[in-house]
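Dear colleague,

Please find the structure below, with its sequence.

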Amino acid sequence: MRPVTLTCTALYVAAALTTRGVADAFVVGSGSSSGASPSPSTIRPRSALSSEPFEGTVVVCTGPTCGRSGGKKALAWFQELAGDNVKVESISCVSECAECALGPNVEVRKAGDGGPFYPIKNGVKTEDDVKAILGVE
């Protein structure tokens, strides 16, 4: 029997499927047909950013890559727009699974969710993206 080697991406997709259900899982874009693992740029969130009112914690990545692509600006918008029921935190790297190229990334921990895997929203670059996550206009 041949041992199975899973990439970090495959592990993250498996975790997403088991902890969040198929609707929030990731969709793999058109990759090579050789069976090679998809690159991070071919993986995208299936669902759009939520417009429901949000309660919980958002963790904004301000690490080197996300910081250069707008993470620090997104952090400022979250701090400005978050209501009393939202805790805003920052971290040097929110994604240990090679999602840096998709950033800025924000981990969304809804109140009552137990983790350990929380959804990560990629490409949170505009004030409108922040408003959509927080459910504000």
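E127 is partly exposed, at 28% relative accessibility (partly exposed lies between buried, under 20% relative accessible area, and exposed, over 50%, with a 1.4 Å probe and protein chains only). This is a predicted model, in which local features need pLDDT of at least 70 and side-chain atom pairs count only at pLDDT 80 or more, while totals for chains, interfaces and linings use all residues. Residues are numbered from 1 along each chain as its sequence is written, and side-chain values use heavy atoms, leaving out hydrogens and water.

The side chain of E127 forms a salt bridge with that of K131 (3.9 Å, N to O); the term requires a side-chain nitrogen of Lys or Arg within 4 Å of a carboxyl oxygen of Asp or Glu. E127 and K131 are separated by about one helical turn, because they lie four residues apart in helix α3 (helices are DSSP runs of H or I, at least four residues; strands are runs of E, at least two; both are numbered from the N terminus).

The structure holds three salt bridges. Another joins E107 and R109 at 2.7 Å, N to O; E107 is buried at 11%, whereas R109 is partly exposed at 28%. K87 and E89 also pair, at 3.2 Å, N to O.

Kind regards
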